[in-house]
Amino acid sequence: MAVSRRSVALVLLLGLAVIAAQECGDSSVHAKGAAGNGQQDDAGAFVVMENDPSVGIIYMAAGTYRLANSITLNKPIIGDAGAVFQAS
């Protein structure tokens, strides 16, 4: 089966659209107010991310994210090395 150049270009464009749909800056808890310093309660920022339909993945930069309350997250979370939760 021969694949046309047009088909390949369409697949590449669709793939790039998916990748461009969300960048780490759009999904970072820091963008929603988390400090990641182990002092500030960061639970609210995670809840905001969870409830935002435009966020597909929650990203945590390296840091200590203090959670003063129990929260439930259903979205996937990715984090840099050194990104940890601290319950208090």
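Leaving aside neighbours within four places in sequence, which residues is Lys 75 in contact with? In this predicted model, the partners are Met 49, Glu 50, Asp 52, Pro 53, Val 55, Gly 56 and Ile 58. Lys 75 itself sits in the loop between β3 (63-67) and β4 (77-79).

Lys 75 is buried, yet no salt bridge is found for this residue. The nearest side chain of opposite charge belongs to Glu 50, 5.6 Å away.

Glu 50 belongs to α3, where Ala 43, Ala 45, Phe 46, Met 49 and Glu 50 are buried. Viewed down the axis of α3, the buried residues fall within an arc of 165°, so they line one face of the helix. Ile 58 also has contacts beyond its sequence neighbours, including Val 29, Phe 46, Met 49, Glu 50, Leu 73 and Lys 75.

Ile 58 is also a member of the largest nonpolar core, which holds 13 residues. Val 29, Ala 34, Phe 46, Met 49, Ile 58, Met 60 and Tyr 65 touch the most other members. At least two core residues come from each of α3 (43-51), β2 (58-60) and β3. The greatest contribution is that of α3, with 4 residues. In soluble globular proteins, nonpolar side chains tend to be buried together.

Technical notes. Residues numbered from 1 in each chain as written. Predicted model: local features only at pLDDT ≥ 70, side-chain atom pairs only at ≥ 80, totals over all residues. Heavy atoms only, no water. Buried < 20%, exposed > 50% of the residue type's maximum accessible area, 1.4 Å probe, protein only. Lys, Arg positive; Asp, Glu negative; His and termini not counted. Salt bridge = Lys/Arg side-chain N within 4 Å of Asp/Glu carboxyl O. Contact = heavy atoms within 4.5 Å. Core = buried A, V, L, I, M, F, W, Y, C linked by side-chain atoms within 4.5 Å. Arc of directions from axis to C-beta.
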